[in-house]
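Trainee: Hi, I've just been handed a new model to look at. Could you walk me through it?

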Amino acid sequence: MFNNCLDKWYKCALQRLKRVLDAAVERQAIRDASDDGDSSLRKPDRVLRFTIKAHVYIGFVFAFLIAFSIGIALVITLLMMDRNLEVVEISNKYVYHILEARSYEKDFLLNGVGLKDAIKNIRALKDLFLEHYGEIKKIVGSNDLLSKTDKYGKLLETLEDLQAVTVSSAELSARREKIKDELQALGGEMVIVAKELMRKERDSLDKSMLLFRVVHIYAAVFLILFITFILHLLGFRVLRTLNRFTVYMSQISSSRHSKFQSSSFYRDEFSDLSGVLEQLVKEYDRQQTIISQSHKLRAVGTLTAGVAHELNNPINNITLTAHMLLEDYLELSDDERLDMIKDLIDEAGRARLIVRNLLDFARESESIMEPIGIGDVLEETLKISGSQVKLAGVNIELKIAPNLPRIHGDRHQLQQVFLNLLLNALDVSTKGGHLKIEVAMADEDNFVAVKVTDFGQGIPDHILHHIFDPFFTTKTKGKGTGLGLSVSQGIIAKHGGHITVSTKQQRGTTFTVKLPITTIPADFSHSQVLLNNQ
Amino acid sequence: MLMMTSSKFEVLLLDDEPIVGKRLRPAILKLGCGVEVFESPAKAIKRINEKEFDVVVTDIRMDEIDGIEVLEYVTKKSSRTKVIMITGYAMMELARQAMEKGAFDFIAKPFKPEDLRVVIVKAAEALGVKLTLSHEPQ
């Protein structure tokens with residue numbers, strides 16, 4: 001029976017454990033799916049959450065507790081001092097009564113008067129004693145004083161009794177003398193004890209006053225130190241995170257992809273903020289990609305007219321050749337047929353190349369940063385836009401300096417930039433005009449420069465400020481999106497370079513793209529250069 | 001074959017694509033007329049200066065001198081010469097311009113050899129010459 005029950009319970013527990021594990025695995029899977037690839041960078045989800053608010057509250061509570069306990073300590077020392085004062089008072093009274101009693105006793109012994117007053121004082125003393133028994137006993141440490149006082153009182157009373165007896169006898173006087181001696185001895189002792197008591201009390205009072213002062217000073221110093229510490233901790237935390245944000249922001253504004261490094265020990269408001277920012281940057285990047293891509297497709301549209309035209313030639317050649325082959329097949333010699341077939345293949349290849357160039361460019365490819373030769377990129381760009389250039393009837397002079405260092409960049413994106421610049425330049429060139437493209441080392445260290453120069457009308461001053469603005473265009477509706485230069489600028493900034501423009505009215509315009517060169521190791525030096533430039 | 005002129009019916013073909021000339025030459029020869037093929041507009045114009053052709057077939061888009069210029073030159077030189085323009089697919093505007101400037105007709109790339117022959121025959125008719133396709137190569 002018991003075994004059966006235990007077995008059931010065990011099975012139930014196992015099932016529950018399995019459910020928990022499944023849920024955990026599922027959560028993990030969802031998380032893995034949600035963050036694209038950067039899960040290695042992601043901190044474990046179960047990071048302690050320690051907010052700034054909590055930090056402030058905890059600091060405040062601690063400060064309050066410490067202030068409170070300091071207050072209590074001060075009150076306690078104050079009470080101690082108060083009690084000491086009281087005891088000093090008592091011992092003062094005590095000493096006073098004893099000295100009074102003693103002086104009356106002396107009076108009595110010398111003049112035979114004042115015994116009553118002595119007794120009165122002793123009684124008062126006894127009352128005082130009984131009233132503050134506890135305190136006195138604590139200080140003196142025994143009943144000694146009380147018993148002595150008692151004894152003294154009794155001796156005095158006996159003496160009074162003897163005084164009442166008028167009959168004098170030798171025995172009586174002898175007894176009286178004896179009492180007197182005892183009285184004197186006892187009185188002396190009591191005075192010593194009382195004085196001792198007083199001295200002790202004074203000492204203890206002094207001590208507690210000293211303690212009070214010390215506690216006071218230490219408490220003040222400690223409180224100040226503690227509050228400073230807490231403020232420092234909080235301030236340090238906030239300022240450090242703010243600094244990190246500043247770095248992060250400047251990295252974002254320079255269009256570089258970076259990840260915000262928040263503290264790995266706990267999560268707080270700043271982690272939330274950085275999370276939101278990261279989301280924002282991601283979204284911004286996504287939008288940027290969309291804009292860039294849509295603009296690229298627009299450029300493809302522009303190119304397509306030229307390409308369609310360009311395609312006509314090989315297609316026409318194929319059509320003519322194929323028809324002639326069909327028409328004259330029987331009359332033709334084998335050599336002629338072979339020649340025609342070879343032509344067909346060549347022309348088909350030519351058409352394929354034109355289309356492939358365009359498709360290569362249009363394809364949405366992820367950004368691949370690699371060391372590339374800037375000259376090659378420009379040659380490819382010219383190839384893509386070849387038909388457009390032909391159509392515009394513009395002669396292009398391409399000058400590439402020999403032995404240029406490679407740059408670190410994305411081939412397709414850079415092609416897009418140069419294509420934009422080239423198409424813009426073509427637009428302002430007249431038929432039969434010419435363009436100049438120069439690739440050389442920049443005057444800036446570790447940069448190569450690509451200069452695209454047209455000999456058009458130049459850009460008027462009032463427009464010059466706006467040419468890099470998104471959606472700003474001088475072209476007629478349907479011809480330009482106004483995104484070309486804006487997108488190009490974004491791409492070049494991502495590569496750690498910059499685009500500048502110089503223009504002269506009626507003389508022409510030069511766009512200069514400067515890109516940082518790459519050295520070994522590529523990644524490291526690249527980021528180094530970027531950092532130096534900031 | 002009815003010959004109105006003393007000499008042979010002469011056609012000049014100008015296209016900067018070599019294959020066009022290479023393939024069209026035998027196609028036009030089958031009409032029984034003389035054909036001269038040029039790839040360079042400058043050379044073609046030089047030849048036009050030397051000789052009066054009945055029909056000039058020219059591509060519109062060429063690098064040095066474009067077809068419109070050739071058209072203008074030919075009409076200035078000899079008003080009776082019929083000019084047939086070869087245009088690209090996306091150049092209807094240019095084609096219309098060519099027609100306004102006195103081109104006889106235009107033909108859009110890509111075209112079949114037969115298409116061009118039909119136009120040449122039409123042009124010959126306009127000149128009062130009847131051309132028929134002979135199946136014997138010359």
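Mentor: Happy to; what follows is a chat about a predicted model.

Trainee: Let's start with the two chains. How many residues of chain B are in contact with chain A?

Mentor: In chain B, 21 residues are in contact, and they meet 22 residues of chain A.

Trainee: And what area is buried between chain B and chain A?

Mentor: About 2100 Å² is buried there, with carbon and sulfur atoms giving 54% of that. Ile19(B), Arg23(B) and Arg61(B) supply 32% of the area that chain B buries against chain A, which is more than any other three residues.

Trainee: How many salt bridges are there between chain B and chain A?

Mentor: The count between those chains is eight. Over all chains, the structure holds 33 salt bridges.

Trainee: Nice. Which residue does Arg23(B) form a salt bridge with?

Mentor: Its partner is Asp339(A), and the closest N and O atoms are 3.2 Å apart. This pair crosses between chains: Arg23(B) is in helix H1 (residues 18–29) of chain B, while Asp339(A) is in helix H8 (residues 334–362) of chain A.

Trainee: Changing topic: how many residues does helix H2 of chain A have?

Mentor: Helix H2(A) covers residues 52–111, so to speak a run of 60 residues. From its first C-alpha to its last, H2(A) reaches 86 Å, close to the 88 Å expected at 1.5 Å a residue.

Trainee: What comes just after H2(A)?

Mentor: Gly112(A) does, and this glycine takes a positive phi of about 80 degrees.

Trainee: Which residue other than glycine has a positive phi?

Mentor: Asn446(A) is one, with phi near 60 degrees. Look for Asn446(A) in the loop between strand E6 (434–441) and strand E7 (447–454) of chain A.

Trainee: What about peptide bonds: is the one joining Lys109(B) and Pro110(B) cis or trans?

Mentor: That bond is cis, with omega about -5 degrees. Pro110(B) lies in the loop between strand E5 (105–108) and helix H5 (113–126) of chain B.

Trainee: Which residues line the second largest cavity?

Mentor: Its lining is Ile48(B), Lys51(B), Glu52(B), Phe53(B), Lys77(B), Ser78(B) and Thr81(B). These divide into two nonpolar, two polar and three charged residues.

Key. Residues are numbered from 1 along each chain as its sequence is written. Chains are lettered from A and ligands numbered from 1 in the order in which they are written. This is a predicted model: local features need pLDDT of at least 70, side-chain atom pairs count only at pLDDT 80 or more; totals for chains, interfaces and linings use all residues. Side-chain values use heavy atoms; hydrogens and water are left out. On a 1 Å grid over the protein atoms alone, a cavity is a set of points where a 1.4 Å probe fits but cannot get out, and a pocket is an open set with protein on both sides within 12 Å along at least five of seven lines; lining residues have an atom within 4 Å of a point. Ala, Val, Leu, Ile, Met, Phe, Trp, Tyr, Cys and Pro count as nonpolar, Asp, Glu, Lys and Arg as charged, and the others, Gly among them, as polar. Helices (H or I, at least four residues) and strands (E, at least two) are DSSP runs, numbered from the N terminus. The expected span of a helix is 1.5 Å times one less than its number of residues. Contact means heavy atoms within 4.5 Å. Buried area is the accessible area (1.4 Å probe) that two parts lose on being put together, summed over both. A salt bridge is a side-chain nitrogen of Lys or Arg within 4 Å of a carboxyl oxygen of Asp or Glu.
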